[in-house]
Amino acid sequence: MIFLANLINGLSLGSVYAIIALGYTMVYGISKMLNFAHGDVIMVGAYISFCGTSYLGLPAWVSVVLAMAVCTAFVFRSMDKFYHHWAVDPVVLVQWFRPIVTIVITLILSSICYAVLHRDNMKLAL
């Protein structure tokens, strides 16, 4: 029984890692640039899903759909506007400036999540 539980936990965690790696691969393959803010977008989605489940009392699948909708509608759109304003629209002659913009986006998203949700330990009530 313990083997089966560990097998299911390992497969589910491995699938999450595979989805994250697939996201990195797709972003790099399309834009030829490393996006260091990819993990922070996943963090924002996890926090939205957590808040939807814990504070709003939504079912888990509804909070995941809510997190996907918010991340694609607001987070990715604001990241796209910020990135294009600072790294694509002006003629950037140095290629190292574009990854620095994604690091700045990482710091902004982390700071917003820290300011809104504090650093307290939270438990997920399922």
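Which side chains does a polar contact of 3.1 Å join? The legends below take up this question and others, view by view.

**Figure 1. Overview of the predicted model.** This is a predicted model, in which local features need pLDDT of at least 70 and side-chain atom pairs count only at pLDDT 80 or more, while totals for chains, interfaces and linings use all residues. Residues are numbered from 1 along each chain as its sequence is written, and side-chain values use heavy atoms, with hydrogens and water left out. The protein contains 4 helices and 0 strands, where helices (H or I, at least four residues) and strands (E, at least two) are DSSP runs numbered from the N terminus. Along the sequence the pattern reads α-α-α-α. Of its 126 residues, 23% count as buried; buried means under 20% relative accessible area, exposed over 50%, and partly exposed in between (1.4 Å probe, protein chains only). The protein exposes about 9,200 Å², and carbon and sulfur atoms supply 74% of this area. Such areas come from the Shrake-Rupley method with a 1.4 Å probe, and for residues only the protein chains shown count as cover. Among contacts (heavy atoms within 4.5 Å) between residues at least 6 apart in sequence, 58% join residues at least 24 apart.

**Figure 2. Helix H1 and the residue that follows.** Helix H1 covers residues 2–31. The expected span of a helix is 1.5 Å times one less than its number of residues. For the 30 residues of H1 this should give 44 Å, and the end C-alpha atoms are 44 Å apart, which agrees. After H1 comes Lys32, whose phi is positive, near 55°.

**Figure 3. The surroundings of Asp40.** Asp40 belongs to helix H2 (residues 38–54). With a relative accessible area of 10%, Asp40 is buried. The polar contact of 3.1 Å joins the side chains of Asp40 and Ser110. A polar contact is a pair of N or O atoms within 3.5 Å; within protein, one must be able to donate a hydrogen and the other to accept it, and residues adjacent in sequence count only if both atoms are side-chain atoms. The side chain of Asp40 also makes a polar contact of 3.4 Å with the side chain of Thr106. Leaving aside residues up to four places away in sequence, Asp40 touches Thr106, Leu109 and Ser110.

**Figure 4. The largest nonpolar core.** A nonpolar core is a set of buried Ala, Val, Leu, Ile, Met, Phe, Trp, Tyr and Cys residues joined through side-chain atoms within 4.5 Å. Of the 14 residues in the largest one, Val41, Val44, Val75, Met79, Tyr83, Ile105 and Leu109 touch the most other members. H2, helix H3 (60–88) and helix H4 (97–117) each supply at least two residues of this core, and H3 gives the most, with 5 residues. Beyond residues up to four places away in sequence, Val75 touches Val41, Val44, Val70 and Leu109. In soluble globular proteins, nonpolar side chains tend to be buried together.

Figure 5. For Cys71, the nearest cysteine sulfur is that of Cys113, 9.0 Å away. Cys71 is buried, at a relative accessible area of 7%. For Cys113, the nearest cysteine sulfur is that of Cys51, 9.0 Å away. Cys113 is buried, at a relative accessible area of 10%.

**Figure 6. Thr102 and its contacts.** Thr102 is placed in helix H4. Its relative accessible area is 2%, so Thr102 is buried. Apart from residues up to four places away in sequence, Thr102 touches Met33, Leu34, Asn35, Phe36, Ala37 and Tyr83.

Conventions: Disulfide = S-S within 2.5 Å.
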